[in-house]
Amino acid sequence: MKLATLKGAGRDGQLVVVSRDLSKAVAVPQVAATLQAALDDWSRIAPKLAEVAAALEQGSAKDAFAFDPVQAMAPLPRAYHWVDGSAYVNHVELVRKARGAQMPESFWTDPLVYQGGSDDFLGARQDVPLPSEEHGIDLEGEVAIITDDVPMGTTRAAALGHIKLIMLVNDWSLRNLIPGELAKGFGFYQSKPATAFSPVAVTPDELGAAWSEGKVHLPLVVHINGQPFGKPNAGVDMTFDFARLVEHITLTRNARAGTVLGSGTISNYDRSLGSACIAERRTLEQIEQGKPVTPFLKFGDSVRIEMFDDAGRSIFGAIDQKVVRA
């Protein structure tokens, strides 16, 4: 089942069911007005949404219309809880090296997460307004999950059952603001502007065998200004799977329905697969060439992030955005 949120029905948009090929959609106000409303009562609502999805695939759904990703907001335009992890510790190690910071050994055994702003998510085709190129504008290609209600103390074994939807992320970062913020010892804020998500969120079963052991075993394809930048595999070199991340964030608190949990930037040890952020490439250039070469993004630059199944079909639709002056 694939779900999206369209503009035009208040801040939280209108929930629609989308066909597997992303060509058609059906509004479902009689089932749930918004995705958050569906997640709040997922066990009862999900089967009804699945019935609509089945009818859509069979061509019998009433009032189906063409799905336009330009009209899509983030699947959850705002969320009660957005937490981003750093599940690809190889990436953390590289980026910290770039700013001269040592990485504690505990990072390999204990997940690193931060709680980010969730009141203003970006849709997949929205421009990204930022105040200055001097801040070091960077993309971060990730996978994210959405949960139902997850009680405090949930174990990794139980966590998989709470993962209801999966989507793609561009967790925009302002690299030149990060060192100063982290030096204060209180974490990210100004360096993390609004996060963007894929047009569509999908249930894990839509991924078939690619969803295994709490990981998405497919490449994330990244283009900058139409040129290939990277295609790291999200299921490779993921130190902490999503079930482990859910276990981690619920050690001391509940995670309520609609919690969005990101993987952190996807990164592989196989450098021939490229990168999902500029900072990683610049770090590798520093190591190999003695200085970074690839510039951070400028106003007018575009970023496209997408994931395809084995038949070459887009699963989530593309995050395709342009950086603009705020």
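## Counting the ring pairs

There are four aromatic pairs here, going by a rule in which rings of Phe, Tyr and Trp (its six-membered ring) pair if their centres lie within 6.5 Å, with planes under 30 degrees apart called stacked, over 60 edge-to-face and the rest tilted. One of them joins Tyr 114 and Phe 188: the centres are 4.9 Å apart and the planes sit at 65 degrees, so this pair is edge-to-face.

Tyr 114 belongs to strand S6 (residues 113–115), while Phe 188 is in the loop between helix H5 (178–183) and strand S12 (196–197), so the pair ties together parts 74 residues apart in sequence. Helices (H or I, at least four residues) and strands (E, at least two) are DSSP runs, numbered from the N terminus.

This is a predicted model, so local features need pLDDT of at least 70 and side-chain atom pairs count only at pLDDT 80 or more, while totals for chains, interfaces and linings use all residues. Residues are numbered from 1 along each chain as its sequence is written, and side-chain values use heavy atoms, leaving out hydrogens and water.

With 16% relative accessibility, Tyr 114 counts as buried (under 20% relative accessible area; exposed is over 50%, partly exposed in between, with a 1.4 Å probe and protein chains only). Phe 188, at 27%, counts as partly exposed.

## A cluster and some charges

Trp 82, Phe 121 and Phe 197 are linked into a cluster by ring pairs. Both Phe 121 and Phe 197 are buried.

Phe 188 also has the charged end of Lys 192 over its ring, 5.3 Å from the centre; this requires NZ of Lys or CZ of Arg within 6 Å of the ring centre and within 35 degrees of the ring normal.
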